[in-house]
Amino acid sequence: MPTAEGLLLVAHGSRDDRAAPVAHEVAAAVARLRPGLATGAAFLELATPTPQEAVENLAAQGVTDLALVPFLLSDAYHAQEDLPAVADLARSRGWTVRLSRVLGPDPRLVEAMAARLAEARPSGEPPFDAVVLAAAGSSSRQANDTVAEVAADLGHLLGVPARWAFASAAAPTVEEAVGDLRARGADRVGVATYLLAPGFFADRIRAAAASGGAVAVTEPLGACPQVAAIVADRASLDDRQGRPDGGKPVTGN
């Protein structure tokens, strides 16, 4: 069987049935952007296929050169601990494996969040005069600081005050961030859901946004064109920045 290059998108996994299809949709979109690239998605828990099952599927397609891309927005626990183990699993087959950096931060994500806010604004209503970027939240200060940076970039792009907020594990909460902006005179606060897929945290952000007095809240990023383009770039040999291995392919013994 001829050898092939492959991409494996690895997500955390969720009990919510709406979540897993997003990773599969992005993998399919990348296959359209990169003809000849074998693509797949796997989940660390709570959904299938598992990484081992996905690696077997790619092996059946002749893959021996794999780009492993975390389907994650920030460099927190799963990117640092779980993804290297998946890379080792593929390397144990003798494959060349390139472990990519996570999807964020990236200017295209900021553009995608701005587009989601435009979609969420009711037709005929005036623009938002402030925005909140709401993420899941992490015990990693570095991951949370990245959310703050993205929020600042979003506010700069839209030309309005911006705050960041978290659904769990960190402060401020979505209600607190929306309330702070309203206390400072903002009448129309929009909340941008900085998540890749629907699920528990997206639902929590939506409820908190309404409770805090936001006038609109976006859907998660989902399989939007910007996310697919970023993933396709991460699969490239030229996308070396921030790799745990310095961008150098590693071959199993």
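Mentor: Gladly. Let's start with a cut-off: a residue is called buried when its relative accessible area is under 20%, and exposed when that area is over 50%. Keep in mind that this is a predicted model. In helix H2, residues 51-60, the buried residues include Pro-51, Ala-54, Val-55 and Leu-58.

Trainee: How do you know that the buried residues of H2 line one face of the helix?

Mentor: Look down the axis of H2: its buried residues fall within an arc of 100°, so they share one face of the helix. After H2 comes Gly-62, with a positive phi near 90°.

Trainee: What about helix H6, and which of its residues are buried?

Mentor: H6 spans residues 174-183, and Val-174, Ala-177, Val-178 and Leu-181 are buried there. Viewed down the axis of H6, its buried residues keep within an arc of 95°, so they too line one face.

Trainee: Why is Arg-116 called buried?

Mentor: Set its value against the cut-off: Arg-116 has 18% relative accessibility, and buried means under 20%. Therefore Arg-116 counts as buried. This arginine is found in helix H4, residues 107-120.

Trainee: Leaving aside neighbours within four places in sequence, which residues are in contact with Arg-116?

Mentor: With those neighbours set aside, Arg-116 is in contact with Thr-218, Glu-219, Pro-220, Leu-221, Gly-222 and Cys-224. Contact here means heavy atoms within 4.5 Å.

Trainee: Now the whole protein. How does its radius of gyration agree with that of a compact globule?

Mentor: For 253 residues, a compact globule would have a radius of gyration near 18 Å; the protein has 19 Å, which agrees. Its C-alpha atoms fill a box of roughly 65 × 35 × 30 Å along the principal axes. Of the 253 residues, 51% count as buried.

Trainee: How many helices and strands does the protein have, and what part of its contacts joins residues 24 or more positions apart?

Mentor: There are eight helices and nine strands. Among contacts with a separation of 6 or more, 77% are between residues 24 or more positions apart.

Trainee: And how many charged side chains are there?

Mentor: The protein has 22 positive and 30 negative side chains, and the centres of the two sets lie 2 Å apart.

Note on methods: Residues are numbered from 1 along each chain as its sequence is written. This is a predicted model: local features need pLDDT of at least 70, side-chain atom pairs count only at pLDDT 80 or more; totals for chains, interfaces and linings use all residues. Side-chain values use heavy atoms; hydrogens and water are left out. Buried means under 20% relative accessible area, exposed over 50%, partly exposed in between (1.4 Å probe, protein chains only). Helices (H or I, at least four residues) and strands (E, at least two) are DSSP runs, numbered from the N terminus. The arc is that of the directions from the helix axis to the C-beta atoms. The radius of gyration is taken over C-alpha atoms; the globule rule is 2.2 Å times the number of residues to the power 0.38. Lys and Arg count as positive and Asp and Glu as negative; His and the chain ends are not counted. The place of a charge is taken as NZ of Lys, CZ of Arg, CG of Asp or CD of Glu.
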